[in-house]
Amino acid sequence: MASFLHNFLLFFCSLSLLILTSSATKSQTHVPVRPNKLVLKVQKDRATNLHVAQIHKRTPLVQFPFVIDLTGRFLSVNCENQYTSSTYKAPDCHSSQCARANSHTCRTCSSSKTRPGCHTNACGLLTTNPVTQQTALGELAEDVLKIPSTQGSSPGPMVTHPQFLFACAPSNILQKGLPKNVQGVAGLGHSPISLPYQLASHFGFPPKFAVCLTSSPGKNGAVFFGEGPYFMKPGIDVSRQLTYAPLTIGQQGGYYINVQSIKMNNAMLPSIPKGGFGGAMISTTTPYTTLQTPIFRALNQLFMNQLRGVPHVKPVAPFGACFDANRIPTSKIGPTVPSIDLVLDNKKNIMWRIFGANAMIQPRPGVMCLAFVDGGMRPKAPIVIGTQQLEDNLLQFDLMNSRLGFSSSLLFRRTNCANFNFGTSSTSTDP
């Protein structure tokens, strides 16, 4: 009897342990992992020099291309082009979603048949084409968005934001000036419903993102959401050794840094306004850095003075200073020309150094030009830093601490923004 009781207790304990182990394993399998970092694949469009991210939306899930815009306040989507999704919703006017989107306008569609982008008593949002600046009233909407997670070296499983807020924009404003086939604009600006803020809020990591744009059409750059590390082949963490400067926010949600002076081989650009040039806007929808006319003329003159011995050639529009490309040698960091320093803090010697690969452009064979353009007397800002100067640089926007981290050219570190290992990302999704 004692032996029977002993064996029964042993069997009971073993069975209980098996059930507990199975339950724990099942529980672990179905507990969603909250990622601390996400990544988007971004490619340079050859025709427009704009950069396009691949974003997964809707139910069933579909991948679509969107132009990335650092000044954009939200994701704008062309909902008139056969938008089909079983999870699409249009929040009612005066709802909590409208309040979060800072929408104070009610919008009623004139069509008798409701569809995505056309509902009665919906929230209105002013959508913008970032190239033409054309605007039109759109509809606030929400739908599923999925995005690859990452540990920093390659894409991991896709994770889900089930109620991602965005704007349905009229199709006519999302055409002119944008790459063919794009379905909208991915806003990365300072706004409660921009991609950085919605993703950080939903997944619980600090509002921080980094942009690494490739200079090579057909290759993949990256936008990271969350803290580093961000690894580029061959295993280089490009989030290390960043230089930091204060980041300010414009009235429309764009990002600015204060440029106190501009130097070239320690020669100061003349005619500096008292207090410096002020806020320089960082733009992913401006192909080349745009300067107010007096700054543009002074920079061209100083550059030509510094590049003596290289014959000038007739300028190729829209550039102002062009040279015989055959007389300019090249190195691992591009054409061997004087570097251009944007001085962000004279006292602390903080500067963003622009080397040849970012400073020069070859618009046609045999001609090389300084890749800065004249923005006229009344541009958006005295300096608008464009994508030519951003490519193969890592820029980290720390929105919690209001600072910009920048690497200068990654070519110095024997890597570039096309070296993130996208490989074949996992298609598995979170539970």
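Alanine 210 is found in strand S10 (residues 208-212). Strands are DSSP runs of E with at least two residues, helices are runs of H or I with at least four, and both are numbered from the N terminus. The model is predicted, so local features need pLDDT of at least 70 and side-chain atom pairs count only at pLDDT 80 or more, whereas totals for chains, interfaces and linings use all residues. Residues are numbered from 1 along each chain as its sequence is written, and side-chain values use heavy atoms, with hydrogens and water left out.

At 0% relative accessibility, alanine 210 is buried. Buried means under 20% relative accessible area, exposed means over 50%, and partly exposed lies in between (1.4 Å probe, protein chains only). Leaving aside neighbours within four places in sequence, alanine 210 is in contact with Ala222, Val223, Phe224, Tyr230, Leu394, Leu395 and Gln396. Contact means heavy atoms within 4.5 Å. Leucine 394 is 184 residues from alanine 210 in sequence, yet the two C-alpha atoms are 6.8 Å apart.

The nonpolar cores come next. A nonpolar core is a set of buried Ala, Val, Leu, Ile, Met, Phe, Trp, Tyr and Cys residues joined through side-chain atoms within 4.5 Å. The largest has 78 residues. Leu75, Phe209, Phe225, Ile262, Trp352 and Phe397 touch the most other members. Helix H4 gives the most to this core, with six residues. Apart from it lies another core, of 15 residues, which includes Ala210, Tyr230, Val238 and Leu242. Leucine 75 touches Ile55, Lys57, Phe66, Leu145, Phe164, Phe166, Ala167, Val185, Ala186, Gly187 and Leu195, not counting residues up to four places away in sequence.

Helix H4 (residues 293-306) also lies across strands S21, S22, S27 and S28 (367-370). H4 runs at about 130° to S28. Axes are lines fitted to C-alpha atoms, for helices over the stretch in contact, and angles run from 0 to 180 degrees between N-to-C directions. Four strands form an open sheet in the order S21-S22-S28-S27, with antiparallel pairing. Strands S21 (312-313) and S27 (360-364) stand at the edges with a single partner strand each, so one side of each is left without a neighbour in the sheet. Two strands pair if DSSP finds at least two bridges between them. Two bridges join S21 to S22 (residues 322-324). Valine 313 stands opposite cysteine 322 in S22.

Six salt bridges are found in the whole structure. A salt bridge is a side-chain nitrogen of Lys or Arg within 4 Å of a carboxyl oxygen of Asp or Glu. Glutamate 139 forms one with arginine 107, with the closest N and O atoms 3.8 Å apart. This pair links distant parts of the chain: glutamate 139 lies in strand S7 (residues 135-150) and arginine 107 in strand S5 (residues 105-107), 32 residues apart. Glutamate 139 is buried at 0% relative accessible area. Arginine 107 also counts as buried, at 17%.

Arginine 353 and aspartate 341 meet in a salt bridge at 2.6 Å, N to O. Arginine 353 is in strand S26 (residues 350-354) and aspartate 341 in strand S25 (residues 340-345), twelve residues apart. Arginine 353 is partly exposed at 33%, whereas aspartate 341 is buried at 3%.

Arginine 403 forms a salt bridge with aspartate 398, with the closest N and O atoms 3.3 Å apart. Arginine 403 is partly exposed at 30%; aspartate 398 is buried at 2%. Salt bridges that share partners join Lys208, Glu227, Asp398 and Arg403 into one network.
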